[in-house]
Amino acid sequence: MTPSIDRTDLDSGVRVLSETIPSVGSVAVGAWVDAGSRDETPAEGGITHFIEHMVFKGTRRRRGYLINQRMESVGGYLNAFTSKEHTCFYARGLSEHLGRGLESVLDLVTQPTLPPREIEKEKDVVVEEIKMYEDAPEDHVFDHYEAALYPDHPLGRPVIGTPESVRSFTRDDLERYIGRHYVPNRLVISVAGNVQHADVVRHVDRLLAGFERAPQPAERVPSEAYSPVDFTVERPIQQAHLVLGTRAFGANDPRRTTLSVLNTILGGGMSSRLNQNIREKYGWCYSVYSFVNVQTDSGDLGVYIGTDASRVDRSRTLIERELGKLAESSVSDRMLSRAKHQLKGSIVLGLESTTNRMQRLGRVELTTGRIVPVDEVVAEIDAVTADGVRDLAAELFAPGRFSSALILPSDA
């Protein structure tokens, strides 16, 4: 039997998706809440991520220390993450523990108790997480980059929040946010593994009995017109960290696959143009790569490099030169074919993980509203042309469209 994907929309508005993979012995389950940091007000900065932490501190069914033990005692695991638009609670275990996995994640979503004493303790934990993050300039530079792309917009604020916003949260704040966003019509259950869809739906129906919060729309502020911003800050570090990029488009834009191919050619791997023409040719960096971020209605393409402060300007010139080449002329058939194979290979290899398959189901459902078969994705990659890559590069890499964030050593 080959993998099959099924979907059921429950009367409550909850969407249930599953991919049956008979050849594996495990199952990955995810409960996706259609709420992320872009759904926060300025005063709520980081509250989505904070709630992700807090639900593990206790539910009506079990105390905090028993929550992770529920899956770990049978060889599985339980975890969660928060992004700009989504929060995902997920578990993985043996196929025979499907019900246990679903109960674990749905317990977190529907039954958290938010103990007041734990709220105050967790504030310290998250503030330490913020400090840890800010002590890693290769990560922290992306916060400045996103703020440059989306000034005064939720997409430009860090997912984790600030020490000031985190310290301000009260239990009432958390409950109001949960009541506004943790509702059936904004909940997607995705499952991948050696399971039957009917069993998944049966478990979800049972576990969500009584989960009858009123539906709430996802009312998101659209991103404003883009004006490039350059940001520079000095820190007591030894290496400069530069991110250079520009706004692109959202997940439903038909050019999204061309964007992925363009990104692969530019900076996707050791054989990419950036790596070959900056690291290998000049030896000016250890790490240089390009990346794509895609939200439902917006996105960006950028380049990161870590280099000596004395080489920042020259490195930026080399990056802009590579961007200009892609905008001016079509890549060779050989280079295009290599990028397509690299992209298709990474997708297919990723699908050997049930967790990756589960996450793909949930993420695609929340960003596009439909199941996109892998064969369709591969066909879209095959259809990308060299002229299409050039035309998109010419649009995105036009002069005056780049924003940048730079963290310099303070003695530079």
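Ser227 is located in the loop between α8 (197–207) and β7, where helices (H or I, at least four residues) and strands (E, at least two) are DSSP runs numbered from the N terminus. The model is predicted, and local features therefore require pLDDT of at least 70 and side-chain atom pairs pLDDT 80 or more, whereas totals for chains, interfaces and linings use all residues. Residues are numbered from 1 along each chain as its sequence is written, and side-chain values use heavy atoms, with hydrogens and water left out. Ser227 is partly exposed, at a relative accessible area of 48%; buried denotes under 20% relative accessible area, exposed over 50%, and partly exposed the range in between (1.4 Å probe, protein chains only). When residues up to four places away in sequence are not counted, Ser227 touches Ala148 and Ser403, contact being defined as heavy atoms within 4.5 Å. A separation of 7.8 Å is found between the C-alpha atoms of Ser227 and Leu149, which are 78 residues apart along the chain.

Strand β11 (residues 403–409) is largely enclosed by the rest of the structure, because seven of its seven residues are buried. Strand β7 (residues 230–235) runs parallel to β11 and is joined to it by six bridges, two strands being taken to pair if DSSP finds at least two bridges between them. In this pairing, Glu234 stands opposite Leu408 of β11. Strand β8 (residues 240–247) pairs with β11 in the antiparallel sense, over five bridges, and Val243 stands opposite Ala405 in β11.

A further set of paired strands involves β1, β2, β3 and β6. Strand β1 (residues 4–9) runs antiparallel to β2 and is joined to it by six bridges; in β2, Ser18 is the bridge partner of Asp6. The two strands form a hairpin with five residues between them, and Gly13 in the turn has a positive phi of about 105 degrees. Six of the six residues of β2 are buried, so this strand is largely enclosed by the rest of the structure. Arg15, Leu17 and Glu19 point one way from β2, while Val16, Ser18 and Thr20 point the other way, and all are buried.

Strand β2 (residues 15–20) is also joined to β6 by six bridges, in a parallel arrangement. Within this pairing, Ser18 stands opposite Val191, and Ala192 of β6 is the bridge partner of Glu19. Strand β3 (residues 26–33) pairs with β6 in the antiparallel sense over seven bridges, with Val29 standing opposite Val191. Strand β6 (residues 187–193) is mostly covered, as seven of its seven residues are buried.

In soluble globular proteins, nonpolar side chains tend to be buried together. Leaving aside neighbours within four places in sequence, the contacts of Val191 include Leu17, Val27, Val29, Leu98, Leu102, Met358 and Leu361.

Thr87 lies in strand β5 (residues 87–94) and is buried, with a relative accessible area of 0%. A polar atom of the Thr87 side chain lies 2.8 Å from the backbone oxygen of Ala35. Not counting residues up to four places away in sequence, Thr87 touches Ala31, Trp32, Val33, Ala35, Thr48, Glu52, Phe81, Thr82 and Tyr182.

The largest pocket has a volume of about 1700 Å³. Of the 46 residues that line this pocket, Val292, Asn293, Val294, Arg363 and Thr367 are the closest to its centre. Helix α13 (residues 354–368) supplies the largest share of the lining, seven residues. On a 1 Å grid over the protein atoms alone, a pocket is an open set of points where a 1.4 Å probe fits, with protein on both sides within 12 Å along at least five of seven lines, and lining residues have an atom within 4 Å of a point. Grid points are joined across faces, edges and corners, and the volume is the space filled by probe spheres set on the points.

How values were computed:
A polar contact is a pair of N or O atoms within 3.5 Å; within protein, one must be able to donate a hydrogen and the other to accept it, and residues adjacent in sequence count only if both atoms are side-chain atoms.
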